[in-house]
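Here are my notes for you to read with the model open beside them. Take them slowly, one point at a time.

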Amino acid sequence: MKRLEQLLDFGGTRRDIIFLIISGAALLVSLTGFPKLPFNAAWIAIILCGIPIILEAFIGLITAFDIKADVLVSIALIASVIIGEDFAAGEIALIMQLGALLEDLTVSKARAGIERLVHLTPRTARRISGNQEEIIHADDVLVGDVLRVLPGETIPVDGIILSGETAVNQAVMTGESLPVDKSAGDDVSSGTVNQFGTFDMKASKVGEDSAIQRMIRLVQSADAGKAKIVGIADRWATWIVVIALSAAALTWLISGEIIRAVTILVVFCPCALVLATPTAIMAAIGNATKHGFLVKEGDALERLSKVSVVTFDKTGTLTYGTPQVTAVCSFDRTVSEDDLYAFAASAELRSEHPLGKAIVRCFQAKTGRQPDQPQSFKMLPGRGVSAVVGCRDIAAGNLSFMAETAAVPDSCIRQSADRYLQEGCTVIYISIDKQPAGFIVLADTLRKNAADVIANISAAGAQPVLLTGDSENAAAHIAGQLHMTHYKSECLPEDKLTFIDENQRSGRLVCMIGDGINDAPALKKACTGIAMGGAGSDIALDAADIALINDDIKELPHLLMLSRRMMLTIKCNLTFSMALNFAAIILAITGILNPVVGALVHNAGSVLVIINSALLLKWHQKSRTTAP
């Protein structure tokens with residue numbers, strides 16, 4: 001019920017609905033004559049629905065000489081009242097207000113995406129002066145200040161690590177789900193999260209120059225630069241007004257009958273024209289909702305129908321966004337791959353590192369049991385873990401950690417691991433009793449229907465493009481799996497924004513599909529932005545025009561084809577409504593139609609437009625393409 005109240009309060013919509021109900025009832029009374037009233041009940045519709053139209057048209061015409069469809073409607077209303085055709089005037093007002101209501105329901109209001117992004121900016125920082133540590137406001141940090149960042153804290157400014165080792169979640173900047181190990185000399189960015197391990201850093205970029213502030217400016221500039229689509233009825237309004245007034249004036253001069261001129265104005269009222277677009281959009285939105293999409297912008301589907309390039313973020317969009325164990329390689333003849341997996345899971349059981357947790361989670365999912373508890377455990381942030389498991393000394397970590405434990409992998413192991421590293425995977429080396437034993441491979445896995453989605457989008461005539469923060473090798477590997485010929489690697493938020501801007505400047509409209517905070521500028525800048533509703537960040541959802549509620553990307557081709565079908569329906573509606581208008585004008589000029597009959601014929605056209613639009617509710621893409 002609360003949700004319904006919010007819908008009805010949307011842009012004064014509750015008031016409009018009440019006025020339409022009252023006006024509809026009043027027109028019914030006027031048509032049937034029951035119950036008897038001392039005045040024509042059609043005046044209720046004229047006052048409630050007609051006067052707002054006249055006022056809006058008058059204000060727009062006087063203040064900005066803005067000729068819209070409302071101008072012709074207002075003239076027809078006033079003319080109908082002057083000659084005593086009150087029912088025709090009320091009927092026109094009702095239909096026009098219904099069209100305006102549908103348009104209001106398809107227009108979104110301001111959202112809080114930039115405000116959410118601002119909240120990501122750290123408020124405080126730990127500044128080190130000698131042996132003293134003080135907490136200051138993040139805005140007071142100066143270039144060259146030495147800061148300390150504790151586990152779990154957000155890094156306040158851009159800088160360089162002076163001492164300490166850790167792993168940093170950089171999803172805000174790159175969108176990648178796997179944390180990045182950092183040590184002395186490495187760069188860190190504001191807004192990213194220190195997952196564990198304390199480190200000291202030297203501030204290099206502060207205030208407006210920091211990475212998170214640049215992100216905010218990108219989102220703001222992308223939003224300001226997106227053009228809004230003007231309603232078709234208003235685009236044609238000037239010509240409609242000129243043609244209608246000219247035809248009415250000539251008919252009056254030639255025939256001498258003002259009722260014929262008024263009938264022309266009535267039948268030329270763009271009721272069906274106004275209804276043609278919003279009814280189709282509403283029906284298409286209803287169809288999209290049934291397929292798991294929440295359309296947040298009224299003209300989002302209209303914009304989507306025009307795109308020729310569909311860009312995808314990788315992590316969380318084409319992939320699940322969580323690291324999975326994809327391979328276990330043992331090079332010790334006495335240790336099977338299953339045993340190596342079990343030793344590694346036991347060693348990582350108490351680890352706080354996301355990769356260690358991923359190994360434990362995948363082991364549990366595969367075997368259905370808990371790893372054995374280690375007898376001892378030691379974690380070295382940014383390098384690895386060591387543990388005693390069943391009297392065996394187990395170490396798991398990177399190459400530098402293996403060197404520290406005197407268990408450097410031989411050339412055979414490293415050559416085998418290099419093949420996975422070139423594909424963008426993460427390799428965890430394992431040693432047993434200080435002897436190299438093998439490695440475990442982790443990677444972010446593709447969604448089940450990803451290849452089919454890419455194939456169907458290509459079949460629909462749009463070019464799919466991968467935009468990822470991954471390395472060149474990793475991007476090429478993923479693009480190869482998906483049969484994508486176009487991709488761009490090592491993308492920061494501004495790189496994605498630049499790619500989209502360059503394409504749209506050249507006339508190739510772009511649809512961006514993403515899930516992360518780093519995708520927000522691109523989602524804003526793109527002609528149409530689609531965010532993953534389940535895995536996506538709140539900021540990405542706020543920046544997008546459409547949200548994929550259940551993260552099932554298999555319906556994306558359907559949405560693209562639905563948008564094009566919607567535009568075809570709109571064009572059919574417009575063609576029919578204009579043809580009906582001109583036919584009715586001919587009948588009005590010859591005197592066959594009077595204002596009341598003309599209004600009824602014209603409104604019958606509006607009904608047919610609504611019925612044609614309603615067919616979109618159950619439309620579904622028939623043909624499907626399967627990836628090779």
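The numbered points below go from the overall picture to single residues.

1. A word on the model before we start. This is a predicted model, in which local features need pLDDT of at least 70 and side-chain atom pairs count only at pLDDT 80 or more, while totals for chains, interfaces and linings use all residues. Residues are numbered from 1 along each chain as its sequence is written, and side-chain values use heavy atoms, with hydrogens and water left out.

2. The overall picture. The protein has 24 helices and 22 strands; helices (H or I, at least four residues) and strands (E, at least two) are DSSP runs, numbered from the N terminus. Of its 628 residues, 51% count as buried, where buried means under 20% relative accessible area, exposed over 50%, and partly exposed in between (1.4 Å probe, protein chains only).

3. An open sheet. Six strands line up in the order S2-S1-S3-S9-S4-S7, with antiparallel pairing; two strands pair if DSSP finds at least two bridges between them. Strand S2 (132-137) and strand S7 (187-188) stand at the edges with a single partner strand each, so one side of each has no neighbour in the sheet. Inside this order, S3 (residues 146-149) and S9 (residues 199-205) are joined by four bridges, and arginine 148 has aspartate 200 in S9 as its bridge partner.

4. Strand S17 and its partners. Eight bridges connect S12 (residues 319-330) with S17 (residues 435-446), and the two run antiparallel; here valine 325 is partnered by leucine 442. S17 also pairs with S16 (residues 426-432), in the antiparallel sense, over seven bridges, with isoleucine 430 opposite glycine 438. S16 and S17 make a hairpin with two residues between them, and aspartate 433 in the turn has a positive phi of about 50°.

5. In soluble globular proteins, nonpolar side chains tend to be buried together.

6. A mostly covered helix. In H10 (residues 258-268), nine of the eleven residues are buried. Among them are Arg260, Thr263 and Phe268.

7. The cavity. Helix H23 gives the largest share of the lining, four residues.

8. Methionine 561. This residue lies in helix H23 and counts as partly exposed because its relative accessibility is 25%. Leaving out residues up to four places away in sequence, methionine 561 touches Ala460, Trp619 and Gln621; contact means heavy atoms within 4.5 Å. Methionine 561 and glutamine 621 are 60 residues apart in sequence and 6.9 Å apart in space, C-alpha to C-alpha.
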